[in-house]
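Reader: Please show me how to read the features of a structure, one at a time.

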Amino acid sequence: MSVSRRLALLATAGGIAALAGACSSKGAIDAGPAGEVVATRADLDTPLVTKTANGTDIVIVATSDGPRAFSAVCPHAGCVVRPKDDVLDCPCHGSWFDPATGAVARGPARENLTEIPVTTAGDDIVLQ
């Protein structure tokens with residue numbers, strides 16, 4: 001059976017579009033079970049990049065409104081960000097993110113880091 005060139009191109013374009021949609025979706029992240037302790041307040045002198053028990057890379061920061069957590073995975077290149085000076089830096093393509101908000105500070109990333117809900121229990125920072 002022969003596949004026409006047009007059919008092959010359409011199938012390829014559809015596959016690429018589906019992959020692009022999957023890579024850019026900004027749904028909720030299952031970082032782990034509610035109540036999991038991911039850090040303590042003492043850990044947050046600087047932004048803390050860590051893994052949850054289920055292996056999700058997260059970054060936790062102290063803000064004036066309390067601790068916040070974000071996916072530590074750059075939405076552009078999929079690399080784990082790291083604290084650098086006053087930003088979260090993606091080592092793959094140089095995107096920068098605001099540690100307090102997860103917002104893109106410099107591209108090529110176009111999407112912010114996804115927030116992961118956390119709360120405090122005494123000195124512990126726990127997943128919600």
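Author: We take the sheet, the salt bridges, the cysteines and the aromatic rings in turn.

Author: This is a predicted model, in which local features need pLDDT of at least 70, side-chain atom pairs count only at pLDDT 80 or more, and totals for chains, interfaces and linings use all residues. Residues are numbered from 1 along each chain as its sequence is written, and side-chain values use heavy atoms, with hydrogens and water left out.

Reader: Which strands form the open sheet, and in what order?

Author: Strands are DSSP runs of E with at least two residues, numbered from the N terminus, and two of them pair if DSSP finds at least two bridges between them. Here 4 strands make up an open sheet with antiparallel pairing, in the order β2-β3-β4-β9. β2 (48-51) and β9 (115-116) each have a single partner strand, so one side of each lacks a neighbour in the sheet.

Reader: How many bridges join β3 to β4?

Author: Strand β3 (residues 57-63) is joined to β4 by 6 bridges, and a hairpin connects β3 to β4 through 2 residues. Across this pair, Ile60 stands opposite Ala69 in β4. On to the next pair: β4 (residues 66-71) and β9 run antiparallel and are joined by 2 bridges, with Phe70 opposite Glu115 in β9.

Reader: How many residues of β4 are buried?

Author: Buried means under 20% relative accessible area, exposed over 50%, and partly exposed in between, with a 1.4 Å probe and protein chains only. In β4, 5 of the 6 residues are buried, and the strand is mostly covered.

Reader: How many salt bridges does the structure hold?

Author: Side chains of opposite charge can pair when their charged atoms come close. The criterion is a side-chain nitrogen of Lys or Arg within 4 Å of a carboxyl oxygen of Asp or Glu. The structure holds 3 salt bridges. One of them links Arg68 and Glu115, at 2.7 Å from N to O. Arg68 belongs to strand β4 and Glu115 to strand β9, so this pair ties together parts that are 47 residues apart in sequence. Arg68 is partly exposed at 24%, and Glu115 is partly exposed at 40%.

Reader: Where do the other charged pairs lie on the scale from buried to exposed?

Author: Lys51 and Asp57 meet at 2.9 Å, N to O; Lys51 is exposed at 52%, whereas Asp57 is buried at 16%. In the pair Arg82 and Asp89, the closest N and O atoms are 3.3 Å apart. Arg82 is partly exposed at 42%, and Asp89 is buried at 4%.

Reader: Which cysteines form a disulfide?

Author: A disulfide is a covalent bond between the sulfur atoms of two cysteines, assigned here when those atoms lie within 2.5 Å. The structure has 1 disulfide, between Cys79 and Cys92, with the sulfur atoms 1.5 Å apart. The torsion about its S-S bond is about -80°, so the disulfide is left-handed. Cys79 is buried at 18%, while Cys92 is partly exposed at 36%.

Reader: How far is the sulfur of Cys90 from the closest cysteine sulfur?

Author: The distance is 3.7 Å, to the sulfur of Cys74, which is too far for a bond. Cys74 is buried at 2%, and Cys90 is buried at 2%.

Reader: What lies over the face of Trp96?

Author: A charge sits over a ring if NZ of Lys or CZ of Arg is within 6 Å of the ring centre and within 35 degrees of the ring normal. Arg106 lies over the face of Trp96, at 3.9 Å from the ring centre.
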